[in-house]
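Reader: Hey, I've got this one open on my screen. Can you walk me through it?

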There are 2 protein chains.
Amino acid sequence: MTEHELVRELAEKNASKIVMLVADGLGGLPMEPHGRTELETANTPNLDRLASRGTSGLSVPVLPGITPGSGPGHLGLFGYDPLAFKIGRGALEATGIGFELGPKDVAARGNFCTLDSAGLISDRRAGRIPSEESFKVVERLQAVNIPGVETFVKPVKEHRFVVVFRGEGLDGAVADTDPQAIGVAPLDPSPVTPAAQRTADIAKEFVRQARALLADEKKANGMVLRGFAAKPQLPSYLDLYGLRAAAIAVYPMYKGLAQLAGMTLVGKAQSLDEQIDELAKCWNDYDFFFLHFKYTDSTGEDGAFEQKVKRIEELDRAMPRIEKLGPDVLIVTGDHSTPSKLKSHSWHPVPTLLWADTCRPDGLEKFSERDCLRGGFGQFPAKHLMLLAMAHALRFGKYGA
Amino acid sequence: MTEHELVRELAEKNASKIVMLVADGLGGLPMEPHGRTELETANTPNLDRLASRGTSGLSVPVLPGITPGSGPGHLGLFGYDPLAFKIGRGALEATGIGFELGPKDVAARGNFCTLDSAGLISDRRAGRIPSEESFKVVERLQAVNIPGVETFVKPVKEHRFVVVFRGEGLDGAVADTDPQAIGVAPLDPSPVTPAAQRTADIAKEFVRQARALLADEKKANGMVLRGFAAKPQLPSYLDLYGLRAAAIAVYPMYKGLAQLAGMTLVGKAQSLDEQIDELAKCWNDYDFFFLHFKYTDSTGEDGAFEQKVKRIEELDRAMPRIEKLGPDVLIVTGDHSTPSKLKSHSWHPVPTLLWADTCRPDGLEKFSERDCLRGGFGQFPAKHLMLLAMAHALRFGKYGA
């Protein structure tokens, strides 16, 4: 019996409310030996109080030593095994710009490049043209017209864009067209499996028309396509857990990831305060609430230790407003660590706390990496967090008699 | 290589004795935040001494957040993955009343119901007839006679009974006949897979004869059958571990579960003291001894915190008599937690200690949830406990050269 089969068998409904607050990249490292992490440095009286009444632990996003991107990081927190459920690059890129993928879509990442008169790549990033220029080039590609499919071309940033084909029987198993070198021509889109022949043909036709439309461009007169992928098939929160789930996020990537799990996007909040306003407004309409806080990650990526500390303190100050709504289960965690010291995502386990009336005390008085290490959940796979959330919400029946 | 293949490959025999004392529902919760659990409240000098000399940890019965019934809870402790080995409802119910299932048996749970003159269900529980009345109704069903199979009908409680068919080629894949509603007729037993056609026909004939025999009953003139199941195929303790295993339990359910694992039922003890008398008597005849203590669960189920504390202290006082027999490995654990606060089984990990001469000290001085969290076994799947038992009994050879 798989974990998801078990979840489906045991899930029950009640009136409980579960809040999962994801502080992106929450975990950190000290800058110096024997120093403190960002979370250990921050003044967090509210999180400490929650930790002292709840149960804490360290969640392992994928496996020990594995650094996840945002996709696998969130899949784990949402209860999907990130090694079993994969989001193809194209699908993630489309999701990240707020494009809502449908079941008939195949998405790919596009990079504009510069081709010489012989059609060979002379610049793999089209001189890194600025986004404003690139957006105009993308605009010209709206004229592409391929019989039998709808084609969407959307700008991302600089030389990057996304193309989505929508039609019957499309298949993501198309090889990248990027030869990863200059002085050679882009590859033709080709199928990896026979079922993707038609999708490869469509992509080829797209490239043919695009090349004609962009023939007079100086920099962005060619393109390579990578990471062809259909929308991943994730069982939804409603289907799996029986939870009506709301996502309250600021950035498109996290809205998109929540949508892949069948959550409903709520509001247009631009700040944590506004996110909590939205939370209060939709409190009666949902059972589960995913709140995403980006800035613990972005400050970590910038290597801005003190800024990350301040962002953690901002998060801490927001806790009482959330608590006042009366959640039955309140979780604070991250999708991965982003230590300022490394200026990047990392593999280090992520401080996680769960507060509920059914918590067994673990003797902690603070919320920090060091304390979580001694917490009642120990170190656990992130994909098990939803099992604990459902249990503490008393939404699971007994397994076996 | 599966864990059981590994066990078979490495198991060796010696003269060691392993005692596994299962305090049902041992783990608990404080009634108030920052309070103590039942085990933390109890005065347990003997268990504390064992913990200080042994190794402790928290066992996770199935998965984090999953609350097990007695069946999966014990399967885990006995070394069977409770997600891979399942005991069908009918088989568990038969086991629970002490019916020893054989390899040719299919068991189902029966509920008497009241049928109106049109044969439609008017009361799904036959007015919850008292057990004495129900027993008489069951008695009338002994007259059922189906060619080619033996039929056993046994009372359980109130409107509940068990029916077991014994014969060649029977199969548990028969659908429930309970329409889960009143105003409709019970369903006919029907096969879920073609192999169960004959079993479904036999069940149908059982219902036909039973209806005739009970036609003049006022309340219990009909029945629904649920949870058809054959005896689960568990490799036995002797086969897997090379252990001659004895079960010393008071209640039929736990005797039955032990029997499914191939243990021999020993004695007719009605109290913990008598169980230890039996243990002493059969000490030389077995290698492994399962002792089951029910009252830590039943007091928890009643929400009787103080009573559960007293039962834990009763258990503690019994330890020296067990130690005096000279076990090589002495384990104290539970099949799940039953916090008085929740008045039910729960998903919280279970305090577990193992004493043997080969334990690495973990610095604990007490046996409690809080201490076990810092114990040498950490948090571990219950199904791994038998691996540790075998290791500390020096009954495992080396894996690989």
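Predicted model: local features only at pLDDT ≥ 70, side-chain atom pairs only at ≥ 80, totals over all residues.

Reader: OK. How many residues of chain B are in contact with chain A?

Author: 27 residues of chain B, and they are in contact with 22 residues of chain A. On the chain B side, helix 4 (70-77), helix 5 (89-96), helix 13 (369-372) and strand 13 (378-381) each supply at least two residues. By class, that side of chain B has 15 nonpolar, nine polar and three charged residues.

Reader: And do the copies meet through different surfaces, or the opposite? Why?

Author: Through different surfaces, because only 4% of the interface residues of chain B are also interface residues in chain A.

Reader: Switching to the sheet in chain A. What's the strand order?

Author: The order is 9-8-10-1-11-12-2-13, eight strands in an open sheet with mixed pairing. At the edges of this chain A sheet are strand 9 (264-265) and strand 13 (378-381), and each has a single partner strand, so one side of each is left without a neighbour in the sheet.

Reader: How does strand 13 of chain A join strand 2 of chain A?

Author: By four bridges, with strand 2 (residues 55-60) and strand 13 of chain A running parallel. In one of the pairs, A:Ser59 has A:Phe380 in strand 13 of chain A as its bridge partner. Helix 14 (residues 385-392) of chain A packs on the sheet too, touching strand 1 (18-23), strand 2, strand 11 (329-333) and strand 12 (350-355) of chain A. The direction of helix 14 makes about 160° with that of strand 11 of chain A.

Reader: What about chain B, which strands are at the edge there?

Author: Strand 9 (264-265) and strand 13 of chain B, each pairing on one side only. The open sheet in chain B has eight strands in the order 9-8-10-1-11-12-2-13, with mixed pairing. Strand 8 (residues 245-248) of chain B pairs with strand 9 of chain B in the parallel sense, over two bridges. B:Ala247 has B:Leu265 in strand 9 of chain B as its bridge partner.

Reader: Which strands of chain B does helix 3 touch?

Author: Helix 3 (residues 45-53) of chain B touches strand 2 (55-60), strand 11 (329-333) and strand 12 (350-356) of chain B, and its direction makes about 65° with that of strand 12 of chain B. Helix 14 (residues 385-392) of chain B lies across strand 1, strand 2, strand 11 and strand 12 of chain B, at about 160° to strand 11 of chain B.

Reader: Back to chain A. At what angle do helix 3 and helix 12 pack?

Author: About 60°, with the axes of helix 3 (residues 45-53) and helix 12 (residues 305-324) of chain A 7 Å apart. These two helices of chain A are therefore oblique to each other. From helix 3 of chain A, A:Pro45, A:Asn46, A:Leu47 and A:Leu50 meet A:Asp316, A:Met319 and A:Pro320 in helix 12 of chain A. The residues of that contact divide into five nonpolar, one polar and one charged.

Reader: How many residues of helix 4 of chain A are buried?

Author: Eight of its eight residues, so to speak a mostly covered helix (70-77) in chain A. What covers the buried residues of helix 4 of chain A includes strand 1, helix 5 (89-96), helix 9 (252-260), strand 11 and helix 14 of chain A. Just after helix 4 of chain A, A:Gly79 has a positive phi of about 95°.

Technical notes. Residues numbered from 1 in each chain as written. Chains lettered and ligands numbered in written order. Contact = placed C-beta atoms within 7 Å. Pairing = 2+ DSSP bridges. Axes fitted to C-alpha atoms, helices over the stretch in contact; angles between N-to-C directions. Parallel < 35°, antiparallel > 145°, perpendicular 65-115°, else oblique. Nonpolar A, V, L, I, M, F, W, Y, C, P; charged D, E, K, R; others polar. Buried ≥ 20, exposed ≤ 12 C-beta atoms within 10 Å, placed from the backbone.
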